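Colleague: I would like to learn how to read the features of a model like this one. Can we take them one at a time?

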Amino acid sequence: MARQPDGPPPPPTVQKLRIRYAKRGRLRFASHRDLARALERALRRAQVPMAFSAGFSPHPKISYLGAAPTGAASEAEYVEIGLSVRCDPEAVRAALDASLPEDIAVLECVEAGVGTGSLADRIDTSVWRVELPGLDPDELARAVEAFLAADVVTVAKRTKNGLRDIDARPSVASASASAGAGCAILHMVVRQGTPVVRPDDVLAALAAVADLHPPLPPRAVREAQGRLDGTGTVADPLGPDRTAGAPDQEAHAAV
Amino acid sequence: MSSVGSYPGPVMTAELRTTTGESLYPRLEPLLAQIQKPIQYVGGELNAQVKPWDAAAVHWALMYPDAYEVGLPNQGLMILYEVLNERSDALAERTYAVWPDLAALMREQGVPQFTVDGHRAVADFDVLGVSFATELGYTNLLEALDLAGVPLHAVDRDESHPVVVAGGHAAFNPEPVADFVDCAVLGDGEQVVGDITDVVKAWKAEDRPGGREELLARLARVDGVYVPRFYAMSYGDDGAIASVTPTRADVPAKVGKRTVMDLDEWPYPKQPLVPLAESVHERMSVEIFRGCTRGCRFCQAGMITRPVRERTITGIGSMVDAGLKATGYEEVGLLSLSSADHSEIGQLAKELADRYEGTNTGLSLPSTRVDAFNVTLANELSRNGRRSGLTFAPEGGSERIRRVINKTVSKEDLVRTVTTAYANGWTQVKLYFMCGLPTETDEDVLEIADLAVEVIRAGREASGRKDIRCTVSIGGFVPKPHTPFQWASQAGPEMIDNRLRLLRQKINEDRKIGRSIGLRYHDGKPGAIEGLLSRGDRRVGRVIERVWREGGRFDGWSEHFSYERWVAAAAEELAPFGVDLDWYTTRERTEHEILPWDHLDSGLDKEWLWEDWQAAISEDEVADCRWTPCYDCGVCPTNGTEIQIGPTGRSLLPLTVV
């Protein structure tokens, strides 16, 4: 039988908070693991009363939802935390934001609504904006057109088990091109599935169908995540929590 | 030193820019998208600082010549970074060794070696301070200089180039890198970096009179600063040094080390750096004392950092408090060369655990002597945090060899201590040993197996569990300057590899026990090169340069280290001098041989070191001068220092709840 540490079990989770944060600037080069470490330390610095798992190696209750790849910026990363003392979500947001590096911004914090289901179930799609410095927007527009016209676009994707061919086309719900300052911009709505299709895979697909080769490395930003609806837009995944309200209205502790 | 210039080597083509202190980040960013772990190059760590360039009179680039993940947690560099940045007339930024993937792109695109704070070119700084914890970082220094566009050889630099200053423990014998550094600093850095700043500032303010030569001459007169170019070496027919002669009348014949007294006055780092990237130490550290007088004869750190200077219990308490608030770490390492020896360690551990009750904050002692361990202490350390494994370092397998190295502990005490740990719920114990110690025989090493088997047998009985584990970790011994073993013959890689093979066989003889014992070791080859670099003289510089030109980098990493490249370079570059790799490593030195570091003074009397070396051969022990009378090692009278230890009788008050 597994041994248990002496003493009482840790206090239970009494409140779940759902958080949207952004990674910007230099910190687009942070990996998921880097961000997770930074977040855990910031929660401690901000003295957020985290709930912990039981056992010899107690861990704070934090669940991460699919992270943007290393090198991509994001305005819509989501995480859920469990607290052992009820807190005002806005106070937690502000304290956490102040404790994180400047390039990580805590944008929203809401209490998980009763009976609203899991956050993961409300996210199946990413909205991307990819800046391609030095590329002619018309050239991009032609490539996007060719891509959308194709039924299948096979690209080689690097996975843990080496290179593997995937079809990048079906995951892309919509895509378009626009012009930015000194760059072309690729806008796209991409379903999250297995295998994951990332901006790099779509760029590889554009190279495959239209021989598109941007002269400089791309800068991708995930602008939003959520559930894709019939109209081709994604719904705010924190929406249901906002309308459901908090489960019980005891006094909030100060952070 | 021109003969080496003909080898095909990397060429740095970065153009020198006209404005200094400008950020290179816009040029670096496109490269970061194409490499591994880009986060290590972007800076912006918690508590990092970027000061305006023009506001500072003296600009320091501080380098740790290894990968970011190893260099960032380095306490020495973190301390100097803060001490310098607290001065209004100075600015300090950090730079680390760049991995080959980025280095190749930097050469291709003409982006020079940069600091991670302001992404400023290293060549723009006045001083490049490099901290050498190990000699295996030397090729990374050459790589950084080349990437920076700074001439490799000190003699080729002019007053527009940074002054390259080596520090850290390896700087106690900087001769192998004497051609590449302008200065070496001996001892504690906290005060001397200020003195260097003052000298550079005054020289710049006077419009650089006398050029680089004059600046270096002024630096040579700063206590603790050694300027190799002002000392001429001559060699005898036997290959040994015949003389070391100062070439200027105004530099000291012997350079002494710096010692910071009263650590409570230097509570650094106050704002420890916290990386986003994973680093080798995921905790904050507080140095609870500096120096060690246990007298382990293999230990260079214990010899060159004397005397013992304790931080007080209250001083430690406030550093832990401030550091945790500034970092959000959940573990605090109480750092020193032998932390359980602090005069108030029991009370300190208990009172810290009381303070952080219920906060999941763990305490750890990075190294614990078997004879200083007790379960009460260990329980206090792990009371609030995660219970990690315990590590002990008996270093020698047999009682005999432990007397030789002066780390005496009986087998019974060792087994009892480890068994007690198992009985109290620890399931993992790690034991550190060395192989290739002076006078060592196969039997001394094979006793490690007996010890491990005994530990598991007794531990299973005491704990009533079968799943306890013992990891035996072994490194090859490398004799170091300024220790009693500085004269010793280093065991060759074949001997070390053979003894480790015999040990593995013996551990596996009884599978029922052997499966609970892990054996971790590295082959003996890197140790031979570390030995060459540790006890080398100025002639070894050619070997380092040759290895770097042929692609040598990151020699502390097994996937980058090439023994063959080092051996071939040593053979060719040393042959003209009539010496070779073995001459520097496996050769035993005689009492009166002039050693390459004899003109650098750690405070230890050479006569005392020799006596202690003879005592080692006779298996005689020497006690710790903290608790027994002084045995005249020489440090305190030479440096005007004294042992500073408690107990203070003070205690930690509970922190007020905010």
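Modeller: Start with pairing: two strands pair if DSSP finds at least two bridges between them. Helices (H or I, at least four residues) and strands (E, at least two) are DSSP runs, numbered from the N terminus. In this structure, β15(B) and β16(B) pair in the parallel sense, over four bridges. F392(B) sits opposite L431(B) in β16(B).

Colleague: What should I know about the source?

Modeller: This is a predicted model, in which local features need pLDDT of at least 70, side-chain atom pairs count only at pLDDT 80 or more, and totals for chains, interfaces and linings use all residues. Residues are numbered from 1 along each chain as its sequence is written, while chains are lettered from A and ligands numbered from 1 in the order in which they are written.

Colleague: In what order do the four strands of the open sheet in chain B run?

Modeller: The order is β15-β16-β17-β18, and the pairing is parallel. β15 (390-395) and β18 (517-521) of chain B each have a single partner strand, so they are the edges, with one side lacking a neighbour in the sheet. Direction ignored, neighbouring strands are turned by 20° against each other on average.

Colleague: How many bridges join β16 and β17 of chain B?

Modeller: Eight, in the parallel sense, between β16 (residues 428-435) and β17 (residues 469-476) of chain B. V429(B) has C470(B) as its bridge partner in β17(B). F433(B) has I474(B) there.

Colleague: Which strands does helix α14 of chain B touch?

Modeller: First, the test: two residues are in contact if their C-beta atoms, placed from the backbone, lie within 7 Å. Helix α14 (residues 442-463) of chain B packs on the sheet and touches β16, β17 and β18 of chain B. The direction of α14 makes about 165° with that of β17(B).

Colleague: What is the strand order in the six-stranded open sheet of chain B?

Modeller: β2-β1-β3-β4-β5-β6, with mixed pairing. β2 (90-96) and β6 (225-226) of chain B are at the edges; each has a single partner strand, so one side of each has no neighbour in the sheet. Further in, β4 (residues 163-167) and β5 (residues 183-185) of chain B run parallel, joined by two bridges. A166(B) stands opposite A184(B) in β5(B).

Colleague: Which helices lie across these strands?

Modeller: Among them, α3 (residues 75-85) of chain B lies across β1 (58-64), β2 and β3 (127-131) of chain B, at about 155° to β2(B). Helix α6 (residues 192-205) of chain B lies across β1, β2, β3, β4, β5 and β6 of chain B, at about 140° to β1(B).

Colleague: Now a helix pair. At what angle do α3 and α4 of chain A pack?

Modeller: About 90°, with axes 9 Å apart, for α3 (residues 137-149) and α4 (residues 199-210) of chain A. Angles under 35 degrees count as roughly parallel, over 145 as roughly antiparallel, 65 to 115 as roughly perpendicular and the rest as oblique. α3(A) and α4(A) are therefore roughly perpendicular. R142(A), A143(A), A146(A) and F147(A) in α3(A) meet A205(A), L206(A), V209(A) and A210(A) in α4(A). The contact residues divide into seven nonpolar, no polar and one charged. Here Ala, Val, Leu, Ile, Met, Phe, Trp, Tyr, Cys and Pro count as nonpolar, Asp, Glu, Lys and Arg as charged, and the others, Gly among them, as polar.

Colleague: Is D371(B) buried, partly exposed or exposed?

Modeller: A residue is buried if 20 or more other C-beta atoms lie within 10 Å of its own, exposed if 12 or fewer, and partly exposed in between, with C-beta atoms placed from the backbone. D371(B) has 17 within 10 Å, so D371(B) is partly exposed. D371(B) lies in the loop between β14 (362-364) and α11 (375-381) of chain B. Not counting residues up to four places away in sequence, D371(B) touches V409(B) and D413(B).

Colleague: How many residues does each chain give to the contact?

Modeller: Chain B gives 20 residues and chain A gives 22 residues. On the side of chain B that touches chain A, 11 are nonpolar, five polar and four charged.

Methods: Axes fitted to C-alpha atoms, helices over the stretch in contact; angles between N-to-C directions.
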